[in-house]
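Please read the following report alongside the sequence and the model.

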Amino acid sequence: MKFRKMMMAAAAGMMILAGCGSSGGEEKKADSGKEVLKVGVECAYPPFNWTQTEETTTTGKEATPIYGTSQYAFGYDVAVAQEMAKALDMDLEVHKSEWASITQGLDAGDYDVIISGMGRTAKREQSYDFTDPYYYRTNCLVVKKGSGLEDVKGLSDLAGKNVTVTTQLGTGWVDLLDQIPDATLGANYETTSECFMAVNNGVADVVVVDEPTARAALATNPDLAIVTLDENDKFKNDEEMTNICIAVRKGDEETLKKMEESLKKIGLTSKEDMDKLMDESFKDVPATSISG
């Protein structure tokens, strides 16, 4: 597979980039003389992205330095960004941002694009432009083992159970919570890890999230269980939260074209290729990743 071969052949020794952002519309240059692809990433959303202290992952892949810190980022999003930068002959610069303010950094010009597990929603498309998807995900529920909710097959099974539900702030999942019958809307949280902790601690009964993130959580939270909803009894109109795309500033046609062309160059166009890369990313999720 083209993309996996490119990943295997990735060169070691990516430099830690220094300096300030560009001004006056000029392209920033790295010490290597190459243009810099500045990417906004949450760095707290495994397996899509996370923060770690080591330069390499558990399987020896090269993580990317996080701009302005001594930490590193990796995950599905970062692996994609690394290959895109190579395809564009650019150096990669990862900027860590809290999810709630990640679009603000794009607006301010702190980075050129967002590659951070972002769903392409109608509301977001009013303010930003998006590439075609670089990943397709499935939504699910996460519950606590022994809660009696592990055997739920569809949303209708939750009727009368009066569950307290939660999800991550600022996501399209917030709009889906009302579809859970007889549910109480609990507090939503800045990160998915806080959502899972709420279920572990009994503060909430159900987390609405995507399947890859749920799988990553279960790797370190054995007391949790994933509920995969039946095709005929799942969330309605949740397609916006299944398409993961790259966001650019509204009207930035040049950057959008670069991103779309580089996605094609790296061969990440089929669901099969996407799932294989996601499986590879799971192997590198650290037992404890830094969310702060």
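The sections below describe the predicted model part by part.

## Basis and overall make-up

The model is predicted, and local features are reported only at pLDDT of at least 70, side-chain atom pairs only at pLDDT 80 or more, while totals for chains, interfaces and linings use all residues. Residues are numbered from 1 along each chain as its sequence is written, and side-chain values use heavy atoms, with hydrogens and water left out.

The protein has eight helices and 15 strands, where helices (H or I, at least four residues) and strands (E, at least two) are DSSP runs numbered from the N terminus. Of its 292 residues, 49% count as buried; buried means under 20% relative accessible area, exposed over 50% and partly exposed in between, with a 1.4 Å probe and protein chains only. Among the contacts (heavy atoms within 4.5 Å) with a separation of 6 or more, 71% join residues 24 or more positions apart.

## Aromatic pairs and a cluster

A search of the whole structure finds six aromatic pairs, a pair being rings of Phe, Tyr and Trp (its six-membered ring) with centres within 6.5 Å, called stacked if the planes are under 30 degrees apart, edge-to-face if over 60 and tilted for the rest. One of them joins Tyr-45 and Phe-48, which are stacked with 5.0 Å from centre to centre and 15° between the planes. Tyr-45 counts as buried because its relative accessibility is 2%, and Phe-48 is likewise buried, at 0%.

The pair of Tyr-76 and Tyr-135 is edge-to-face because the ring planes stand at 65°, with the centres 5.1 Å apart. This pair links distant parts of the chain, since Tyr-76 belongs to helix 2 (residues 76-87) and Tyr-135 to strand 8 (residues 135-136), 59 residues apart. Tyr-76 is buried at 0% relative accessibility, and Tyr-135 is buried at 4%. Together, Tyr-45, Phe-48, Tyr-76, Tyr-134 and Tyr-135 form one aromatic cluster.

Elsewhere, Arg-215 lies over the face of Phe-282, at 3.8 Å from the ring centre; a charge sits over a ring if NZ of Lys or CZ of Arg is within 6 Å of the ring centre and within 35 degrees of the ring normal.

## Helix packing

Helix 2 packs against helix 8 (residues 271-282) at an angle of about 115°, with the axes 9 Å apart; axes are lines fitted to C-alpha atoms, for helices over the stretch in contact, and angles run from 0 to 180 degrees between N-to-C directions. On the helix 2 side, Tyr-76, Ala-79 and Val-80 meet Met-274, Leu-277, Met-278 and Ser-281 of helix 8. By class, this contact has six nonpolar, one polar and no charged residues, with Ala, Val, Leu, Ile, Met, Phe, Trp, Tyr, Cys and Pro counted as nonpolar, Asp, Glu, Lys and Arg as charged, and the others, Gly among them, as polar.

In helix 5 (residues 192-200), the residues Thr-192, Cys-195, Phe-196, Ala-198, Val-199 and Asn-200 are buried. These buried residues pack against strand 9 (139-144), strand 10 (164-166), strand 12 (206-210), helix 6 (211-220) and strand 13 (224-227). Helix 5 is followed by Gly-202, which has a positive phi near 80°.

Ser-262, in helix 7 (residues 253-265), is buried with a relative accessible area of 0%. Residues up to four places away in sequence aside, Ser-262 touches Met-84, Ala-87 and Leu-88.

Thr-167 lies in the loop between strand 10 and strand 11 (184-185) and is also buried, at 0% relative accessible area. Leaving aside neighbours within four places in sequence, the contacts of Thr-167 include Trp-173, Leu-177, Tyr-189, Cys-195 and Val-208.

## Backbone details

Most residues other than glycine have a negative phi, and most peptide bonds are trans. The peptide bond from Pro-46 to Pro-47, however, is cis, with omega near 10°, and Pro-47 is found in the loop between strand 1 (36-41) and strand 2 (50-52).

Cys-43 lies in the loop between strand 1 and strand 2 and has a positive phi near 60°; its relative accessibility of 0% counts as buried. Asn-237, in the loop between strand 13 and strand 14 (243-244), has a positive phi near 55°, and at 66% relative accessibility Asn-237 counts as exposed.
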